[in-house]
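User: I am new to this structure and want to learn how to read its charged pairs. Can you take me through them step by step?
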Amino acid sequence: MAQDPYVRWSFEAAREPARFGAGEVDGVPGTEHAVDADGTLCGIPEQRIVRYRHLFVAHGRHACPECRRQVAAAPSQPSAQERLHDRVVAAAPGSTRDDLLSALRTGAKVVRWIDGPSAGLAQYYVKLDELRDGAEAVAQALGAAESVGLAQVDDGPWRFTVVLPHDGGRPVVARGPQRP
């Protein structure tokens, strides 16, 4: 997002347009609809929809006009920084958590936010030996659940790692130096 260099970054300024899944009516190809949990925004029930594996494109030439209108009127959504901030607030108090919250409030880059099997996330994305603060807690959180959320945030020389338990437990925050 291009931003005026004289305007400070804020959650409000970083809000994103609403996003919806895409789909078509089963057996009636040619019109793409915006889909939420109940069906299309224009009122077609979920049972009649075949979902696509991409987001609805309101300016697409096959976009349903009513879905297009509803998407344009939908309220904006919080940025990744704001959504993660709201989750990290529940983490155990400490300087690492506080530094991450501060970094998120100033627009630090959320470089990864994924869900998956804990063992795979640990193997491919978390280098416990590189974490300076919170490595033990991250290892415990990854070992305590079969599946978790994992977020990583870059801020200056640091990469913060956040384990987000799916069971509603407290997020766990660690940090280590960014890799070159």
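Analyst: Start with R97. This is a predicted model, and in it R97 has a relative accessible area of 16%. Buried means under 20%, so R97 counts as buried.

User: Which residue forms a salt bridge with R97?

Analyst: First the general idea. Side chains of opposite charge can pair when their charged atoms come close. Now the case here. R97 pairs with D98, and their closest N and O atoms are 3.0 Å apart.

User: Is D98 buried or partly exposed?

Analyst: Partly exposed. Its relative accessible area is 36%. Burial is read residue by residue: R97 is buried, while D98 is partly exposed.

User: How many salt bridges does the whole structure have?

Analyst: A search of the whole structure gives 9. One of them joins the side chains of E82 and R15, at 3.5 Å from N to O.

User: Why does the pair of E82 and R15 tie together separate parts?

Analyst: Look at where each partner sits. E82 belongs to helix α2 (residues 80-88), and R15 to the segment before β1 (21-25), so the bridge ties together parts 67 residues apart in sequence. Check burial too. E82 is buried at 15% relative accessible area. R15 is partly exposed at 24%.

User: What does R175 pair with?

Analyst: R175 meets D133 in a salt bridge, 2.8 Å from N to O. This pair also links distant parts of the chain. R175 is in strand β7 (residues 172-177). D133 is in the loop between α4 (118-125) and α5 (135-144). The two are 42 residues apart. R175 is buried, with a relative accessible area of 9%. D133 is partly exposed, at 29%.

User: Which residues are linked in a network of salt bridges?

Analyst: Here you read a group. E16, R19 and R83 form such a network.

User: Which side chain joins T161 in a polar contact?

Analyst: That of Q152, at 3.3 Å.

Terms used. Residues are numbered from 1 along each chain as its sequence is written. This is a predicted model: local features need pLDDT of at least 70, side-chain atom pairs count only at pLDDT 80 or more; totals for chains, interfaces and linings use all residues. Side-chain values use heavy atoms; hydrogens and water are left out. A polar contact is a pair of N or O atoms within 3.5 Å; within protein, one must be able to donate a hydrogen and the other to accept it, and residues adjacent in sequence count only if both atoms are side-chain atoms. A salt bridge is a side-chain nitrogen of Lys or Arg within 4 Å of a carboxyl oxygen of Asp or Glu. Helices (H or I, at least four residues) and strands (E, at least two) are DSSP runs, numbered from the N terminus. Buried means under 20% relative accessible area, exposed over 50%, partly exposed in between (1.4 Å probe, protein chains only).
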